[in-house]
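User: I have a model open and want to learn how to read its features. Where do we begin?

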Amino acid sequence: MSNTDSAQRSFTQQQGLPVRVVSTGTSLPPKLVTSAEFDQRWQLRAGTTAAASGVELRHQASASESAQALAVSAARAALDSAGLKAQDLDCVVSASSTPQQAIPCFAAQIHATLGLQGSGIPAFDLNATCLSFLVALEQLSYAIAAGRYRRVLLVSAELPSRALNPACRYTAPLFGD
């Protein structure tokens, strides 16, 4: 490798990809579960769960709340904040380790709820467990930089409380919805 090649690679790495996040949106279930509640449930000394998990408060969805409702609420908040309509998008992507269901994919459910059926706008899931959002963001950055998409809605909605054993004191307190 020549010095010119090395300098060019260094410059490219510093510049990054020509991609930016224009807006974000959030939606959280209203119910809060404290680490103190876990301590009481398992008759542990006060502060044990918070010290072990590093989490003091976590949101938890009720049985009637769906991942899809949370995802669509957050998506609409992000679109509103950006001054965009769903029809302005080029793609809808869901990145979740706990999607609502496998088929149809979670992104297709969000896509439909946003009123994009028949729009020709693609929707797909990109899942990599806990790293799903970061992996999807990286992959979509490359697609945007390559000119494949211009405006992408990336949604990550998680309800891990439904996937974990609530009786397991080692895993139940780690995640919120």
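**Surface first, then a helix**

Analyst: Begin with a nonpolar patch on the surface: Val21, Leu131, Phe133, Leu134 and Leu137 form it, with about 460 Å² of accessible area together. Keep in mind that this is a predicted model.

User: Where is leucine 131 found?

Analyst: Leucine 131 sits in the loop between β4 and α6.

User: How far apart should the ends of helix α6 be, and why?

Analyst: Count 1.5 Å a residue. Helix α6 covers residues 132–145, which is 14 residues, so it should span 20 Å. Its end C-alpha atoms are 20 Å apart, in agreement.

User: Which residues of α6 are buried?

Analyst: The general idea comes before the case. An α-helix has 3.6 residues a turn, so residues three or four places apart point the same way. In α6, the buried residues are Ser132, Ala136, Leu140, Ser141 and Ala143. Viewed down the axis of α6, they fall within an arc of 165°, so they line one face of the helix.

User: What do the buried residues of α6 pack against?

Analyst: Three strands: β3 (91–94), β4 (123–125) and β5 (152–155). After α6 comes glycine 147, with a positive phi near 90°.

User: Is phenylalanine 175 buried, partly exposed or exposed?

Analyst: Read the relative accessible area. Buried means under 20%, exposed over 50%. Phenylalanine 175 has 35%, so it is partly exposed. It lies in the segment after β5.

User: Which residues does phenylalanine 175 touch, leaving out those up to four places away in sequence?

Analyst: Phenylalanine 175 touches Arg58, Pro160 and Leu164. Proline 160 is 15 residues away from phenylalanine 175 in sequence, yet 6.4 Å away in space, C-alpha to C-alpha.

Methods: Residues numbered from 1 in each chain as written. Predicted model: local features only at pLDDT ≥ 70, side-chain atom pairs only at ≥ 80, totals over all residues. Heavy atoms only, no water. Helix = DSSP H or I, 4+ residues; strand = E, 2+ residues; numbered from the N terminus. Expected span 1.5 Å × (residues − 1). Buried < 20%, exposed > 50% of the residue type's maximum accessible area, 1.4 Å probe, protein only. Arc of directions from axis to C-beta. Contact = heavy atoms within 4.5 Å. Patch = residues over 30% accessible without salt bridge, like charges linked within 9 Å, V, L, I, M, F, W, Y side chains within 5 Å. Areas by Shrake-Rupley, 256 points an atom, 1.4 Å probe, with all protein chains shown as cover. Salt bridge = Lys/Arg side-chain N within 4 Å of Asp/Glu carboxyl O.
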